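This briefing sets out selected features of the structure shown below, grouped by topic. Please read it alongside the sequence and the coordinates.

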Amino acid sequence: MLAPQIIRELKKIVGEKNVLTSPEDLIAYSYDATFLEHRPDAVVLPGSTEEVSEVMKVAYREGLPVIPRGMGSGLAGGSIPFSGGVVLALTRMNRILEIDEENMTAWVEAGIITAEFQAEVEKRGLFYPPDPSSHKYSTIGGNVACNAGGPRCLKYGVTGDYVLGMKVVLADGRILKTGGKVIKNVTGYNLSHLFIGTEGTLGVITEVLLKLISKPRYVSTAFAVFPNLEDAGRAVHRILLAGITPASIELMDQTTIGTVEEYLHLGLPTWAEAILILEADGNQEEAVLREIEAIARICRENGAVEVKVARDEAERNSLWKARRSVSPSLARRAPNKLGEDITVPRSRIPEAVRRIREISQKYGLPVVVFGHAGDGNLHPNILFDKRRPEDMEKVEKIAGEIFKMAVEMGGVLSGEHGVGILKQPYLEMAVGPVAVEIMKAIKQALDPKGILNPGKVVPLGVSWRGE
Amino acid sequence: MNPESLLPTEEQYLFCIRCGQCVTECPTFRVTLKETQSPRARVMLVRKFLEGELSPSPNFVDQIYSCLDCLACNAVCPVGIKPADLALQMRAYLHKTQPQPWIKPLVFRVYFTHPRLIELSMLPFVLYQRLGLQRLLHSLKANNLLPAQLRDLERLLPNPLPLRPLRASLPELIPARGERKRRVGFFLGCFQNTIFAQGSAASIKVLAENGCEIFMPRNVRCCGMPHLGYGELDTFLELARHNIALFEREDLEAIVTDCATCGSTLKEYGHYFKDNPKWSKKAEKFSRKVRDVSEFLLETGFRRPARKLPLKVTYHDPCHLRRAQGMWKQPRQILEASVEEFVEMEGADTCCGSAGTQILTHYETSMAILERKIKQVEASGASVLATGCPGCQLQLGLGAKKRGLKVQVFHPVELLDLAYSYSSDDSQEERC
């Protein structure tokens, strides 16, 4: 519970309607897209960077935890207020402040929905490539704070690669402006990149300056079925070796294929060990077609028994349908899932998938693996039922073993979801004690009172099981 | 009925993965930008209520009633959770278990169940318009003294209102024009009987024009959607039984309606009686025969007018037509046959914010949603807006007035009727 005086102060800053304290409101801001939840003491919906700054000044003075939040679509518990305090929801700050067509940049407020921003720039023939699967219901600010990825990242890079600058409100309320409308900028430390992927632990990102490129005019998609997982891995390698960079190469493992098929009856080959969905894009139709043909040929040469190339948009959609249906089909198998997000060196994907399968069998809980084969980013999804205590125990052991495996292979804990609270206990194992010390030092320098999203990313004694 | 049996089951919410896909699809979230006013939150609130963590406080009740039942969330959920259905079920439960304002039973059990009362209630408005009172009030700018909500309510009604209700001006059996090919029933909605009589008169003419003999029972009663929306389930069932019995006696190929909301409700009768051995078969049979007028015309092949109206028309998808009944091609096909230029507007399938009575219960949200919608209508550049739901027609008409937009609102079939009249050369007509 916040003191009435503080509530009054907050209401004065953002307006009566934009401070929420009813139990219904607190519940609505207690969750993200994981199975975790915890209620805040209040929710504040600011309308501008200045308002955020004023709110932070109050919070800093009072030592009040502040948890920045976009649309709450995160998959690591990063926006859940485990220490209570104020959820600072940036959804009202959803304006495009400028699209500079000549310099191919855009200034946006953090709360804009990514897909809506994309649609707006695409009307002008421009393109903002990062495409997290949540792009229709996640915000640019959230994407930057988590350095979100997506299928197109193989060719185009992740969110962070498109950030040229930003406005950040620091823990004490100061407003920091970083970067600028230039492609090259080595004027001092790269402060923009300091905040990318920090999940609201170092500052509240309120505005972002983004780099745009021109929109590729042609896209072509192929679908390849591999009886043998290693063959699929080799095909990916050979495609990239041939000098082709597809926009995306998506992988579904045998368990995924089985689960989707059980749910949708699309006629998928449940006997296959892997399906790859590959996409080429570019500005010259002929070049795109040649590329997709080469991709199809390489798949066949490397053990694919069936390769389909979409002839039109409708066929393209139907090829993607299996991949898009993964999430819903998982949810029908068990009430809860833990969607993990490891990345391993690309060459070790087949090995990683096999080892995850062994771990799954060892504990007797299904683990479905799919992800972005082109960049090594895999999503093992553990299916379970939160109501069964024995399941919860197994989930944690499975997740721990998967993380350990990823790190042993030279991989990382997260490729695009972030660390949040779920992966925070494994951070040190993944990055080493020195890196954690430095992270803590940076955190201490920027947020000496530890009020910004406490317990996320850097281990500071807060966990989702209670402090 | 035991109120507990009305509550949603665990199965209905347990599998929600909270992904958030439904959030940005929800019109109430879109204008409030608050998670609490989103389907994901409503699922969570229902769950927390059932788990005993929330009480039926006024705020809780308000959040459950803020859903527009536009079904956008139901359509988009990757898992198959139906947040809109959960809200309706909760309302039925709250209605049974919570004290209700005195006016509610009066409105739902008395007013909406007696068509004569609905007709009579229009009389003051008709007089107000016809006796020049409205003009007087407006010329004195006295209407500006009213609070915004009342002022908008005053402007909501089309002008002029019909002098007589439609059921009083048409016989119960309307013959086909020319050769009789089919025999259909016509379900006359309350709105069409009193406010949009012209629209349903047009629908009936078009049906007759296409060889239908039409049975339009005089004592048809409200379809029951307002009752479902407010949780008044018992009265809904009573109305449904009355309507089913009414059409059962006749030998009808189809039961046609030109109200999207009535159509979607009538098609659900079967569902609501599925556990009732006496009524399930009858209700199921009734529901199977129900057709929206555009659906029916396309299914049976309507006569295309020889000349198209020289108009630029855009179309708004009523939620209860597009999502509840899956009809989106049919009205467009009718428009394409009837007018020279049909343009799609952006966001044609998003709710207009009417949802029956949101202007009364959630005025600000309803108007904010409407404003978004009307801007999209304006951007389409159309001079006529077509839509197949009287609730939407009223709301959009108000929106146009508020924005000073010279756009007229019609039912698509009304435009088809106009195109028939406009076509002088009958010899050029072809079948679709």
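In this predicted model, helices α15(B) and α17(B) are roughly perpendicular to each other, because their packing angle of about 70 degrees falls within the range of 65 to 115 degrees that counts as such. The axes of α15(B) and α17(B), the latter formed by residues 280-289 of chain B, are 10 Å apart. The points below begin with this pair of helices, continue to the nonpolar cores, and end with individual residues.

**The contact of α15(B) with α17(B)**

- From α15(B), the residues B:N243, B:I244, B:F247 and B:E248 take part in the contact, and they meet B:K282, B:A283 and B:F286 of α17(B).
- Buried positions in α15(B) are B:L233, B:T235, B:F236, B:L237, B:L239, B:A240, B:N243, B:I244, B:L246 and B:F247.
- An α-helix has 3.6 residues a turn, so residues three or four places apart point the same way.

**The nonpolar cores**

- The largest nonpolar core has 85 residues, of which B:M90, B:L207, B:I214, B:F247, B:Y269 and B:L297 touch the most other members.
- Helix α15 of chain B, residues 233-248, supplies the largest share of this core, namely seven residues.
- Leaving aside residues up to four places away in sequence, B:F247 touches B:G185, B:F186, B:F187, B:F215, B:P217, B:V220, B:L252, B:I255 and B:F286.
- In soluble globular proteins, nonpolar side chains tend to be buried together.

**Residues other than glycine with positive phi**

- A:M104 has a phi near 55 degrees, which is a positive value in a residue other than glycine, and this residue is found in the loop between β5 (96-100) and β6 (105-109) of chain A.
- With a relative accessible area of 28%, A:M104 is partly exposed.
- A:V457, likewise a residue other than glycine, has a positive phi near 60 degrees and is found in the segment after α16 (433-446) of chain A.
- A:V457 is buried, because its relative accessible area of 9% is under the 20% cut-off.

**Individual positions in chains A and B**

- A:T206 is placed in strand β10, residues 204-211 of chain A, and counts as buried at 0% relative accessibility.
- The neighbours that A:T206 touches, not counting residues up to four places away in sequence, are A:T49, A:V52, A:L90, A:M93, A:V108, A:E109, A:A110, A:K167 and A:V169.
- A:V182 is placed in the loop between β9 (175-179) and α7 (191-195) of chain A, where it counts as partly exposed at 41% relative accessibility.
- Although A:V182 and A:L164 are 18 residues apart along the chain, their C-alpha atoms are separated by 7.3 Å.
- B:T9 is placed in the segment before α1 (10-13) of chain B and is partly exposed, with a relative accessible area of 44%.
- From C-alpha to C-alpha, B:T9 and B:Y93 are 13 Å apart in space, while in sequence they are 84 residues apart.

Terms used: Residues numbered from 1 in each chain as written. Chains lettered and ligands numbered in written order. Predicted model: local features only at pLDDT ≥ 70, side-chain atom pairs only at ≥ 80, totals over all residues. Heavy atoms only, no water. Core = buried A, V, L, I, M, F, W, Y, C linked by side-chain atoms within 4.5 Å. Buried < 20%, exposed > 50% of the residue type's maximum accessible area, 1.4 Å probe, protein only. Helix = DSSP H or I, 4+ residues; strand = E, 2+ residues; numbered from the N terminus. Contact = heavy atoms within 4.5 Å. Axes fitted to C-alpha atoms, helices over the stretch in contact; angles between N-to-C directions. Parallel < 35°, antiparallel > 145°, perpendicular 65-115°, else oblique.
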